[in-house]
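The sequence and structure are shown first.

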Amino acid sequence: MRRLDADTARRVAVRAQLLDARCSRSVTEVVEELGVLQVDPTTAIAPSVDLVLFSRLGADYDHSDLRFALETERSLVEHSSFVRPVDDVGLAIAVAGEDLHPRIREWAEANAGFRADVLAHLAGEGPCTVAEIPDTCQVPWRSGGWNDARNVNRLLEVLALLGDVAVSGRRGRARVYDLAERVYPPDLEVPAPGEARRLLDERRLASLGIARPSAKDSSGEQVGAGSAGVPVLVAGTEGEWRVDPGALEALDDDTAPFAGRCALLSPFDRMVNDRDRVRDLFGFEYVLEMYKPAAQRRWGYYALPVLVGDRLVGKLDAKADRRAGVLHVHALHRDVPWTAAVVEAVEAEVAALGRWLGLEVAGA
């Protein structure tokens, strides 16, 4: 079994996530290489999808580029709170159908008439938000309080998972749903679940470069490699890792040396979302603290991990005040000593973030 030193393992991860040299790619090409973008509504600085794309594309990225790919070009789709390449949505539907929780499946089956009403409404009225679809459920959804009485929203989420409806766009923050046949390509393939899992494992490992065979991220999403890739050991860590074969080939290519840079990462960025992986490979501790009381936070409400080269060196605690036109930098937490070069690189990237947001940077 091949053995990698820690520096090499980190560089495999950074390069796979397009965080080495700033890439010249389209939004669709970036998402195809990253596999997915996790959708989260928090806008303390900017939506997570935009932060992920800015960290790869820089100031050339504009949110309208993502909207064009999703709503006009249809090269990307939103499925189950992730933006995915349209070519992968059939794989996600196949796996979601097999993994649907029995309680959710039973509830959907008990509401067959409700399902028929929703599909008929979309067929007749065209794209609709949740608020525009009548609630005709036979058995209300019970969740312990959080989603009680949100029957239309819950059913649409289930139907989207299964590929009956699809998110066709957004009005403000509200998802707009339509029949899947009017959003997805007519030749969309939904393979058998086993084949879909194998392909998703391969795509996931290619986007991560290196991963444990079995792992879940902070939201419980599968981020392990399964049986994909090549087994390796990494110095300073225990147990087996899997590495993408293409990443191993790149290691042996002397004409493409690693070239690091500084990047500010979304808390939902796939580079850091597997907290165990980032701890084992980078020695980096991170928890998203927006759900903690303010007095218990160490790094801030929505702290952005700071990458320099192949090391995660700290966190940026900042908040965008769009009304005042200011990006308030509350703190730059240093996990390790920063050289003058690191300070310069981080300050330059914070300044670039402010310019991209159209905000003046103020604070630490």
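Contact means heavy atoms within 4.5 Å. Helices (H or I, at least four residues) and strands (E, at least two) are DSSP runs, numbered from the N terminus. The model is predicted, so local features need pLDDT of at least 70 and side-chain atom pairs count only at pLDDT 80 or more, while totals for chains, interfaces and linings use all residues. Residues are numbered from 1 along each chain as its sequence is written, and side-chain values use heavy atoms, with hydrogens and water left out.

**Helix packing**

Val12, Ala13 and Ala16 of α1 meet Ala206, Ser207 and Leu208 of α9. By class, this contact of α1 with α9 comprises five nonpolar residues, one polar residue and no charged residue; Ala, Val, Leu, Ile, Met, Phe, Trp, Tyr, Cys and Pro count as nonpolar, Asp, Glu, Lys and Arg as charged, and the others, Gly among them, as polar. The axes of α1 (residues 6-16) and α9 (residues 193-208) come within 6 Å and cross at roughly 110°. Axes are lines fitted to C-alpha atoms, for helices over the stretch in contact, and angles run from 0 to 180 degrees between N-to-C directions. The two helices, α1 and α9, are therefore roughly perpendicular to each other, a term that covers 65 to 115 degrees.

**Sheet**

An open sheet of mixed pairing is formed by four strands in the order β1-β8-β9-β7; two strands pair if DSSP finds at least two bridges between them. Its edge strands, β1 (2-4) and β7 (210-211), each pair on one side only. Strand β7 runs antiparallel to β9 (residues 241-243), and two bridges join them. Alanine 211 has arginine 242 in β9 as its bridge partner.

**Nonpolar cores**

A nonpolar core is a set of buried (under 20% relative accessible area) Ala, Val, Leu, Ile, Met, Phe, Trp, Tyr and Cys residues joined through side-chain atoms within 4.5 Å. The largest one has 72 residues, and Ile210 is among those with the most contacts inside it. Helix α12 (residues 340-357) gives the most to this core, with seven residues. Beyond its neighbours within four places in sequence, isoleucine 210 is in contact with residues including Val12, Ala13, Trp241 and Arg242.

**Positive phi**

Leucine 18 is buried, with a relative accessible area of 4%.

| Residue | Phi | Loop |
|---|---|---|
| Serine 80 | about 55° | between β3 (76-79) and β4 (82-85) |

Key. Angles under 35 degrees count as roughly parallel, over 145 as roughly antiparallel, 65 to 115 as roughly perpendicular and the rest as oblique. Buried means under 20% relative accessible area, exposed over 50%, partly exposed in between (1.4 Å probe, protein chains only).
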